[in-house]
Amino acid sequence: MECRPFENSKSYRALQATTVTQPTCRVPPGGLYFPLTNVDRLYLILTVVAYGLSLSSYLRYLVTGKDLAGRVGTILLAVGLCAHYFALLERSRGLHTVPYHDLYGSLSLFGWLLALTYLGLEVFHRQRSVGAFVVPVVIAFFLFSHLAPAGRIVETPAKGIAFAFHVTLSILAYAAFALSFVLSLIFLAEQRLLRTRHMGAVIWRLPPLELLERMSQSSVIVGLVTIVIGTALGFLWVDRLQGTVLYYDPKYLATILVLVLYAAYLFLARSAAWRGARASKLCVFNFLLVIFSFTAVNLFFSHSHRYF
Amino acid sequence: MEIVLVGLNHRTAPVEVRERVSFTVEQAQQAATELRERGILEETLVLSTCNRSEVYGVPPEDVRQSAGALATYLSSFHSVAPEALSPSLYHHYDREAVRHLFRVSSGLDSMLLGEAEILGQVREAYRMAHSNGGTGPVLNRLFQGALEVGKRVRSETELGARPMSVASAGVKLAERIFGKLNQRTALVLGAGTIGEQVVSQLRDRDVAHLYVMNRSREKADQLAREFGGKVIPWGEWDHALNLPDLVVSSVSSDDPVLLRDTVKQAMAARKNRALLLMDLGVPRNIDPSLADLYNVYLYNLDDLTEIVRQNRAAREQEIPHAEDIVDEHVTKFLSWQASVEIVGLLDVLRTRVRQERAEFLRERMEMLAHFKPQEREKIELLMDELLEKLLMRPAEKLRGEKSLHKKIQNVDALRDLFLKDREKP
């Protein structure tokens, strides 16, 4: 994420006048974001290896049902989380800024929070079968953020605890929504297999449908709570920074829409005729909207959001 | 230190024979005690399940003689004529006995391939025999190995992973949809045999509420008593279908008893809460067209049978892997057995050699009467030293032999060459 530079924090006109297409760049163009040190490489490799082995263990657990493989998957995921954390930390030190000041940094943080949310959910629901579906997404985000072509880092006045929590909680919300998206897809696939009577080996390892629904709802609750707090902190930060609140950034509209649709999902999934597959489809649709908000809205429409 | 096994199982004996030769817990204890008291076996363990009755033991004498005595004892204990019993009995010795037990504990020898219950039955039989002093070092080691094999096969293979009966497939499907069933409600329609098996499995999983519907109120009351459930009068579908999460139907009827419109209305009333319908009736009890209703999961007997068939095929694919684990543990046990035998054999050899030496000296010393007692003692010591040296090398070679097959061959050769009549160590 990156917030637009507020060159004149007293004036919204001044805010509009600034663009991210003319940033101050501190890294050489064409290269990576910042030169990788040996320590960075070490954490990068350690993270990829730990996540990769974790995925392999989770897959083994899914196919064979061996508890040991599942436990090893969980431990390796925790190791990957630690390594990923230090990778983020080193990257921040290298850039002298928080890890979400650029798209790729925010994607890496997104991957880390996704893994963290999943681990929390796994421990809470005591269900490991989903790991095989979530860890590939984490790996994809991590690799994409670290191996993608170079971008530019923008000098911004975006700092302070409120801002840091605003960004972190917002990305945590997106991670939780991503998790509910994966869980809903598993629900839809498993339900289809059950209804069409195509039982293979894996279906006996997948979580029960009702547990998948509960896990997805738990995840959405985490997402809703964090996005509400994160958004409130965002308004607070903007208010402090420039003394006024912006009401017409398309990002706000997208965020409100996301909030309303996920609240509708929670309501429909629990109390109405939509419970089951219909609610899961809504959850999938909601996440597509999140992706739209995360990418298109940020990059092309929003005035004050770029990377989260 | 040999092992003998005499027994029968579902492959060798029809149920009429198996039920006559089965042991209650008390009978198993009594038989084990008597076999030891009569000197037929030194260590004894009786394993008796609905599909097998087997006696494992360590005989004091030749295994084959003990096996014969054991068969005779079994026929007299159960009052079955020997000629009627002997065609059903199998006799296994040493390696084959070990291998048989390990296959039994891993579920490879079960009627239902990979069934889980047998491991618990082996554990219980061992616990009983151990607490009654029936087992010694050999059977302790053997049965501890069997329990280890059973656990490994279950954790490292898919042999026991998937449901293998129509009833268990139905219950496992319910668990795929609802998770744990201890907070779920089931409705039982009719009283078919498979339906009863499903209900029994649901009871094992502590299903929270059970309701029974039957055309005959009397029969419904009887079923409710049998299953520990409550009766709902036949035909009250609105009420009946609002309660359960799963319905098990095995009604004897030519026409479907659950129609699409009935279930559609019920689903609306229950706000589309998921409903699993298991149609175990032939002809079918539930209109097949309602399978496409939202949040309804319908499985008939053929669907469940197909699941069982797929699972059986999957389990059979796991047999080679399970057999590898069994073989690995058989080798491990035999290696231990051979090592213990070597120690015993060397002790016997040493005693025998000393006896020979004493006899030899007694004969020769009469001719050498002029030796002083101190000199005689010195000669005895020197001879002891020489003999010990002679024994040391083969002993070390025996202990250090890596190949189990060669180790056993060497033990046998040593026994044949130096001990009279294959004397047991």
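What covers the buried residues of α5(B)? I found that the cover includes β1 (4-9), β3 (52-58), β4 (90-93), α6 (117-131), α7 (137-156) and α14 (319-365) of chain B.

Ground rules before I go on. This is a predicted model, where local features need pLDDT of at least 70 and side-chain atom pairs count only at pLDDT 80 or more, while totals for chains, interfaces and linings use all residues. Residues are numbered from 1 along each chain as its sequence is written, and chains are lettered from A and ligands numbered from 1 in the order in which they are written. Helices (H or I, at least four residues) and strands (E, at least two) are DSSP runs, numbered from the N terminus.

**Entry: α5 of chain B**

I listed the buried residues of α5(B) as B:Ala97, B:Val98, B:His100, B:Leu101, B:Phe102, B:Arg103, B:Val104 and B:Ser105. Buried means 20 or more other C-beta atoms within 10 Å of a residue's own; exposed means 12 or fewer, partly exposed is in between, and the C-beta atoms are placed from the backbone. I checked the length too: the 12 residues of α5(B) (94-105) should span 16 Å at 1.5 Å a residue, and the end C-alpha atoms are 17 Å apart, which agrees. The expected span is 1.5 Å times one less than the number of residues. Just after α5(B), B:Gly107 has a positive phi of about 85°.

**Entry: α12 of chain B**

In α12(B) (260-269) I get B:Val263, B:Ala266 and B:Met267 as the buried residues. They sit on the same side of the helix because they cover an arc of only 100° around the axis, taken from the directions from the axis to the C-beta atoms. The face turned away from that side carries exposed B:Asp261 and B:Ala268. Covering the buried residues are, among others, α11 (237-240), β9 (275-279) and β10 (296-300) of chain B. After α12(B) comes B:Lys271, with a positive phi near 50°.

**Entry: cores**

I looked up the largest nonpolar core and it has 122 residues. A core is a set of buried Ala, Val, Leu, Ile, Met, Phe, Trp, Tyr and Cys residues joined through C-beta atoms within 7 Å. α6(A) gives the most to this core, 17 residues. Apart from it lies another core, of 51 residues, B:Leu101 and B:Ile325 among them.

**Entry: chain contact**

I noted 18 residues from chain A and 19 residues from chain B in the contact, counting residues whose C-beta atoms, placed from the backbone, lie within 7 Å.

Terms used:
Contact = placed C-beta atoms within 7 Å.
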